[in-house]
Amino acid sequence: MERLWQKDCETLLAQYDSRLEGLSSDEAAALMQRYGKNELMEAKRKGILQVFLEQFLDLLVAVLLAAAVISALTGGVEGALVILAVLILNAVLGTVQHFKAQKSLESLKSMAAPLARVARDGTKQELPAAQIVPGDILYLEAGDVAAADGRILENYSLQVNESALTGEAEAVCKTDGILEIAELPLGDRLNMVYKGSLATYGRATVLVTATGMQTEMGKIANLMSSAQEKQTPLQRNLHDFSKKLSLVVLLICALVFVLGIWRDMAVTEALMFSVALAVAAIPEALGSIVTIGLAIGTQKMAKENAIIKDLRAVEGLGSVSVICSDKTGTLTQNKMTVQQVYIPGQVWDVVSAIHKEDTFARIVECSVLCNDSTENGDVFVGDPTETALLSFCRRLGWDAQIIRRSFPRLQELPFDSERKLMSTLHQAEDMYRLCVKGAPDVLLERCRLEHSLAQTIQKQIEEFSMQGLRVLAFAEKVLEDNRELTLQDESELTFVGLIAMMDPPRQETADAVYACRLAGIRPVMITGDHKATASAIAKQIGILAEGDRTVEGADLEHMSDAQLADTVEQISVYARVSPEHKIRIVRAWQSKGAIVAMTGDGVNDAPALKQADIGIAMGITGTGVSKDAAGMILADDNFATIVKAVENGRNVYNNIKHAIYFLLSGNLAAILVVLYTSLFGLPLPFTAVQLLFINLVTDSLPALAINMELPAQNLLHQHPRDPKETILTKKFVKQMTIQAAMLAVVTLCGFYAGLAVSDAMACTMAFAVLCLARLFHGFNCRGIYSVVQLPINIYSIGAFLLGALFLFCVLLVPVLQGAFEISSSITMKHIGVIAGLAALPTAVIQLYRIVKETTKKHPVSI
């Protein structure tokens, strides 16, 4: 990186073949050909057709497509159409979800200045920002948004708000002098301005040094495009499961087909067995159930001010183990507030200072008089530091308007970043009062002080700084007449006092940090602020614990990625960091196997928000870029809301896991029944349409109801689950197999009962028993305890009743009997047998759990 801040103006003008009079139109046109337009580029996106077709690349989908083709070729056209309809619906839903794409680059573009004032052909012209080129002379005034990156050539008290890039709300005083330090973070490059930053005061002449994608904002756009969106643990688990299930299904289908041919079964009949097995094995509703479960979690979170943009963020929150949080506006109030006051001899906090008019009269008057901010009712307008002084005056019970009327301003020496002082002259009855404020080190040198008092004041300044407080010094002087002020008047001053302020933490932040630690989540602060300030805030809210380290961006520059990964677990606070540093920190934690959430509100946070497993933006103070890059938005900008979201995320995962258990145990039961009948040469127990009815209709209802379960009381006291842990643990598979076997046994009992009548009746009985048994089984999968120990879930009851109604309509309505190949010989006696067999597995499981609970042992279930 070229250190432009170390070069003088003449050298830079020569380097860019420019001059103060500006470029000519021909020169600008040639540079435009070389560097391109001053715009942010965007990568080409996939078309709708491409995205739609990609939805069919999944191996499970390929198996179902093959099943549909075979079904159609063997006469089962209705079944084939049903399978195709399901697959097309899923593909449409996947395509729609994909095109809810991130609009981060559009938001970055909207932040760029639409017009800019430059010197062209020797005159000042206003041009579209896209036409600015390196070497242009740019004019900046208060209210302008910088159109490009540049080096300040002439400075007239320019102050720039760079919060979108650095995360720090306080305006930065600029200079046109050379900066000697080689390694400077962006926030300390005081002779540079950057694209997208806002001039709040003064004016400057700037040499444009970078445009478009070469600007700091362009680098952020590049970082965002390179940042990889992460799959949540659940997504990874389901992806692995789908691959394994597809291979197993293909192998078993091939085995069943070979067995059928070996037993002299017709090829078409053997193919139908294979199709039935494929449909039985694949949980068609699984993807929809997971998506709907995440959507239900989204609705719950929205009611608690956590707005989910990306459904993956819901489940991902439940496994978060690290929260990397921006400081300003996230952990703090983003509002400078006076904390302590020093009057020679004593330090006062704000509460103790109330109603001490005599003690604080001089410093309050100075802070109000030497102040350009204004108040409009309850709203303060102006520089954050100056508005903090007016707020301090009001908290002490004083009226700033009365003070200003009592001491009318006559003259002023505006704040200058070179001398770091501001002075105002006021009428005070028959004399003239000069009020001065500024940087303590500069102001003390201009005051008449005894050596011992000067040392005491200096010690107090250091103490304030160690607490992370920003310190302003105040002094005054009496003038004999209202002559024109000069810089020489800012000498021989009488010291008045010090005011220390900071952007304080939100009231609820400390409790939220404590709750995070209780939940096994590591909070980490990442900020562009200074090390002392960041450490003080971090200690105050509990992020910086005993033995934890604080490092600066300059330290990270000298660390390799491997070194950072080795030390990342020891570091709790990062200060003076750049967007590149934030991404490196997130990646370092991810390399340690952590699931990382990143919170932030500025443009500078956007790449890390995208890189993180869960990006969390602020809804009120957040920029459009950060909101677009994030998967979740905090509507109330409250860090504490994240804790509630984590609890909801963990509950969503538990509910989805239970729903998956329910779907897979039912499907495994169907597989066992099909395998049994195939091995023993029995008729087909189900048709493909019947299995799809079970998988998509009667299975979906209880699975959706399971997703409505409330969180357990101790959910936040548990540590985050291991993201490497698969859903299909040994315990999970063992319990699922036992319960699936119980469902399969009663289904075969129904099958044999029907076989005594006819093959069609055997198929009908097996279908009906399995369908109703799975509806009953939904109660078993609500949780790990018996239903008497769980709160009433009206959705589970409603799902069972509605599913049973659908089933009995299929069994008894003539039109539906034909569509679902139901035997017309079914009677109410058969219905009674179906109900009795279907209820048996659930009755056994619930009785077993009740017995275990009464003996104080854990139930045998997930």
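Modeller: In this predicted model, the side chains of R3 and E183 form a salt bridge, with an N to O distance of 2.7 Å. The two residues belong to distant parts of the chain, 180 residues apart: R3 lies in the segment before α1 (9–15), and E183 in the loop between β5 and β6. R3 counts as partly exposed because its relative accessible area is 31%; E183, at 39% relative accessibility, is likewise partly exposed.

The loop that holds E183 also holds N191, between β5 (172–173) and β6 (192–193). N191 has 0% relative accessibility and is therefore buried. A polar atom of the N191 side chain lies 3.0 Å from the backbone oxygen of W5. Beyond its neighbours within four places in sequence, N191 touches W5, G150, R151, I152, T175, G177, I178 and L179.

The structure holds 25 salt bridges. One of them joins the side chains of E365 and R433, at 2.7 Å from N to O. Here too the pair links distant parts of the chain, with E365 in helix α14 (residues 357–369) and R433 in strand β16 (residues 431–438), 68 residues apart. Both E365 and R433 are buried. They belong to a network of salt bridges that links R362, E365, R433 and E476.

A further salt bridge connects E375 with R394, whose closest N and O atoms are 2.5 Å apart. E375 is in strand β12 (residues 374–376) and R394 in helix α15 (residues 384–395), 19 residues apart. R394 has a relative accessibility of 34%, so it counts as partly exposed.

Turning to the fold, eight strands form an open sheet of mixed pairing, in the order β8-β24-β23-β22-β9-β19-β21-β20. The edge strands are β8 (306–308) and β20 (549–552); each has a single partner strand, so one side of each is left without a neighbour in the sheet. Neighbouring strands of this sheet are turned by 20° against each other on average, direction ignored. Within the sheet, β23 (residues 614–618) and β24 (residues 632–634) pair in the parallel sense over three bridges, and I616 has M632 in β24 as its bridge partner. Helix α26 (residues 639–679) packs on the sheet, where it touches β8, β9 (322–326), β22 (596–600), β23 and β24. The direction of α26 makes about 135° with that of β24.

Methods: Residues numbered from 1 in each chain as written. Predicted model: local features only at pLDDT ≥ 70, side-chain atom pairs only at ≥ 80, totals over all residues. Heavy atoms only, no water. Pairing = 2+ DSSP bridges. Helix = DSSP H or I, 4+ residues; strand = E, 2+ residues; numbered from the N terminus. Axes fitted to C-alpha atoms, helices over the stretch in contact; angles between N-to-C directions. Contact = heavy atoms within 4.5 Å. Buried < 20%, exposed > 50% of the residue type's maximum accessible area, 1.4 Å probe, protein only. Polar contact = N/O pair within 3.5 Å; in protein donor to acceptor, adjacent residues only side chain to side chain. Salt bridge = Lys/Arg side-chain N within 4 Å of Asp/Glu carboxyl O.
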